[in-house]
Structures are given as structure tokens and as C-alpha cells.
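Visitor: I have a structure open and some questions about it. Can we go through it piece by piece?
Guide: Go ahead.

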Amino acid sequence: MSDTRLYSFSQETKDKLRKFRLGTSRAKDPQAIIYLIDTKTKEIRPENDEVYSKLEDLADELPDSSPRFVLLSYPLTLSSGRLTVPYVLLYYLPENCNPSSRMMYAGAVELMRNTAEVNRVIEIESESDVLNIEAKLTGSE
């Protein structure tokens, strides 16, 4: 069975994904939304309606032992002085999450990537990974 039939997005969630992607390309601050997989329906949806603009707030909201997907638009000024706004999927996989959650999210990561239309997936496993994301985005890590 393919993962596309196992996991789903409501039309409302697809619309929100598109609106977020298009709306964040000119943002001056980081923009992030946390997504989860509903264990009963296997629907991938926003955890809440909050858009995080501070990495500290985002890190505080991530659960200690459950995986999550985080869409992140992060404005950066490159060493050349050019402004870029990478749009990435953070695949949050804390070390102590249970194996069934780990498998569920692993099975949905490509579908989430394709549906959200991100170019890059970055695996993170702790709050400090979130706070130090700029190093991963610039490749200076």
C-alpha cells in the first residue's frame, strides 16, 4: 500500500499550506507552523492555528517525546549580501519517541514534503537543533 493512501490532507489544510508558502516568501522574520499526524484518521494537519515567528517559542511548543513536522520560512542574508528565504520542512524526531510514532512519521515525510512543496528536509531531534537552525540552513554547521 502506498503512503499516499495511508495519510491524507484535508482540502482546508492543502489551502493553508499553499497560502503559507506563498505568504512567507517576503517575510522579514522566521515563520513556522507545526504539523502533526492524527493517529486515528491518519490526517496530516496543523497542530494549532499559530504561526511562530520566534524560534524560542517554536522550540518550547515541540513535544518532548512525539515527532512533528514543522514548515519553516527563514529569511537569511548570505555572505554575498543577498537576501534569501529558504522554505524547509523540519522533521522533528526526538530521541525518546516511541517506535510506532517514529514509523508513522517516517512513512509520511515524503508526502508532507511534496504536498508542502519544500525543497529541503532537515532532521532535528532537540530544542537546540531548532535554535541553531540558521547554521544548518547556511551550511556552516
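Visitor: Is Ser-73 buried or exposed?
Guide: Ser-73 is buried, because its relative accessible area is 1% and the cut-off for buried is under 20%. Keep in mind that this is a predicted model.

Visitor: Which strand is Ser-73 in?
Guide: Ser-73 belongs to strand β3.

Visitor: What does the side chain of Ser-73 reach?
Guide: The backbone oxygen of Thr-24, at 3.3 Å. Not counting residues up to four places away in sequence, Ser-73 touches Thr-24, Asp-29, Pro-30, Gln-31, Val-85, Pro-86 and Tyr-87.

Visitor: And Arg-68, what is its place?
Guide: Arg-68 is in strand β3 as well, which covers residues 68–73.

Visitor: Buried or exposed, for Arg-68?
Guide: Buried, since its relative accessibility is 12% and anything under 20% counts as buried.

Visitor: Which side chain makes a polar contact with the one of Arg-68?
Guide: That of Glu-47, in a polar contact of 2.8 Å.

Visitor: Let's move to the core. How many residues are in the largest nonpolar core?
Guide: The largest nonpolar core has 24 residues. Those with the most contacts inside it are Tyr-35, Ile-37, Ile-44, Phe-69, Leu-71 and Met-112. The elements giving two or more residues to this core are α2, β1, β3, β6 (87–92) and α4 (99–116).

Visitor: Which element gives the most to this core?
Guide: α4, with seven residues.

Visitor: What is Ile-44 in contact with?
Guide: With neighbours within four places in sequence left aside, the contacts of Ile-44 include Tyr-35 and Ile-37, and also Ala-108, Leu-111 and Met-112. Tyr-7, Ser-8, Phe-9 and Thr-13 are among them too.

Visitor: New topic: pockets. How much space lies in the largest pocket?
Guide: About 180 Å³.

Visitor: What lines the largest pocket?
Guide: Lys-16, Lys-19, Phe-20, Ile-33, Tyr-35, Pro-46, Asn-48, Asp-49 and Val-51. The elements that give two or more residues to this lining are α2 (11–23) and β1 (31–37). α2 gives the most, with three residues.

Visitor: How does the lining of the largest pocket split by class?
Guide: Five residues are nonpolar, one is polar and three are charged.

Visitor: Which way does the backbone go at Lys-42? What is its phi?
Guide: Phi of Lys-42 is near 65 degrees, a positive value in a residue other than glycine. Lys-42 sits in the loop between β1 and β2 (44–46), and at 24% relative accessibility it counts as partly exposed.

Visitor: And what about phi of Glu-117?
Guide: Near 60 degrees, again positive in a residue other than glycine. Glu-117 is in the loop between α4 and β7 (120–124). Its relative accessibility is 46%, so Glu-117 counts as partly exposed.

Visitor: Last one: where is Gly-23?
Guide: In helix α2. Gly-23 is exposed, because its relative accessible area is 56% and the cut-off for exposed is over 50%. From Gly-23 to Pro-99 is 76 residues in sequence and 35 Å in space, C-alpha to C-alpha.

Methods. Residues are numbered from 1 along each chain as its sequence is written. This is a predicted model: local features need pLDDT of at least 70, side-chain atom pairs count only at pLDDT 80 or more; totals for chains, interfaces and linings use all residues. Side-chain values use heavy atoms; hydrogens and water are left out. On a 1 Å grid over the protein atoms alone, a cavity is a set of points where a 1.4 Å probe fits but cannot get out, and a pocket is an open set with protein on both sides within 12 Å along at least five of seven lines; lining residues have an atom within 4 Å of a point. Grid points are joined across faces, edges and corners, and a volume is the space filled by probe spheres set on the points. Helices (H or I, at least four residues) and strands (E, at least two) are DSSP runs, numbered from the N terminus. Ala, Val, Leu, Ile, Met, Phe, Trp, Tyr, Cys and Pro count as nonpolar, Asp, Glu, Lys and Arg as charged, and the others, Gly among them, as polar. Buried means under 20% relative accessible area, exposed over 50%, partly exposed in between (1.4 Å probe, protein chains only). A polar contact is a pair of N or O atoms within 3.5 Å; within protein, one must be able to donate a hydrogen and the other to accept it, and residues adjacent in sequence count only if both atoms are side-chain atoms. A nonpolar core is a set of buried Ala, Val, Leu, Ile, Met, Phe, Trp, Tyr and Cys residues joined through side-chain atoms within 4.5 Å. Contact means heavy atoms within 4.5 Å.
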